[in-house]
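The points are arranged pair by pair.

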Amino acid sequence: MKKILLLLICALAIASCERVIEFDTTVSESELVLNAVPSADKQMFVYFAYSRFFLDNGNNHPVDNADMVVSVNGRDYRPDSIHNCNYFFNYVLQEDDSVAIRVTSGDRTVTAHTYVPRKPQLSNIQTYRVDTVFNVLAVSFNIEDHPNYKDYYRFSISHRDSGVVYHPYFDKYDTIDTVYTDYFFCLDPKLVNSAAASTDAIGDYFASATGYNIYNQMLIKDSLIDGQSHNTALLVLLLKDTNEVPPFIHQYTLSVETVTPDRFRYLQDLSTATSMTQIITEPAPVYSNVAGALGIFAGNAKVTIPLGTLVTTDENAAAKHKATKRRRR
């Protein structure tokens, strides 16, 4: 009886926490949206459209009669092609470019300004695998920080899975080829220090218990390494999936970006807005530096470093899958 009473109390507590979001599906008002990330060594392009209702099946809502001008270091450029609300310009961006945009549509005017930061300078890049209780992929490198220049960095590691996976519950095989952002560890006190880091580690309880900080992206300022050749290392835990059918490919790539302060703040807010805590709290606002529209117009410069390809060649696993398949037959 006590168990039943406890279950009823829990059900009532959950029901009392439910929130019903009401919206009028007949409302057709939408906002202008301008998004662009002018990037070093990349062609300049801008996304400009009307916002869409989240239940709307349409992917693009173009703005009619939009007059768009992008000014790079004082020289004006107009789009030479348009595709799915993306406006392309005949210009490849360079480091330290100053970029401004002005769009007029009817009585609406949209403006924004940014610059292209300098590329991150990396040296002495070494990748190695450590096989202990946990298998770890480590990458060590020097950050050659630009002296007397405010560098804002973003670190991330992407992971490509490619091959065949066996699903024992359904007794079937699937071929996959997908890329996702992986989690990594950083033990560098100058990068994870609160004076430099602007991204909270995932799972603070884990960090406090082990001394390791784990991230899916790391945003830092050069506050403690300005003008230095700073050596650091990032570690990726290599977890084994016993349902992979050898040979199975794992490819890892490190991305290091320098970003503008506007993009840095936007990425911070985006990380907060998409965190697990937003399930039970009010949606967090995301920073915008665009006047007259929603969106972000902020530069970056990226360097990507392949960390190698690991191939699963466990013959015992292969034999297990073959034996399972024979038994199923």
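**Salt bridges in the predicted model**

1. Arg-118 has a relative accessible area of 28% and is therefore partly exposed. This model is predicted. The side chain of Arg-118 forms a salt bridge with that of Asp-96, with an N to O distance of 3.2 Å. Because Arg-118 sits in the loop between β8 and β9, and Asp-96 in the loop between β6 (86-92) and β7 (98-105), the pair ties together parts that are 22 residues apart in sequence. Asp-96 is likewise partly exposed, its relative accessible area being 42%.

2. The loop between β8 (108-115) and β9 (122-131) also holds Lys-119. A salt bridge joins Lys-119 to Asp-41, and their closest N and O atoms are 2.2 Å apart. Asp-41 belongs to the loop between β1 (32-35) and β2 (43-50), so this pair links distant parts of the chain, 78 residues apart. With a relative accessibility of 41%, Asp-41 counts as partly exposed; Lys-119, at 25%, counts as partly exposed too.

3. Asp-67 and Arg-78 meet through their side chains in a salt bridge of 2.5 Å, N to O. Asp-67 is in strand β3 (residues 67-72), while Arg-78 is in the loop between β4 (75-77) and β5 (81-83). The two residues are 11 residues apart, and the pair links distant parts of the chain. The relative accessibility of Asp-67 is 35%, which means that Asp-67 counts as partly exposed.

4. How many salt bridges does a search of the whole structure find? The search finds five, among them the pair Asp-41 and Lys-119.

Terms used: Residues are numbered from 1 along each chain as its sequence is written. This is a predicted model: local features need pLDDT of at least 70, side-chain atom pairs count only at pLDDT 80 or more; totals for chains, interfaces and linings use all residues. Side-chain values use heavy atoms; hydrogens and water are left out. A salt bridge is a side-chain nitrogen of Lys or Arg within 4 Å of a carboxyl oxygen of Asp or Glu. Helices (H or I, at least four residues) and strands (E, at least two) are DSSP runs, numbered from the N terminus. Buried means under 20% relative accessible area, exposed over 50%, partly exposed in between (1.4 Å probe, protein chains only).
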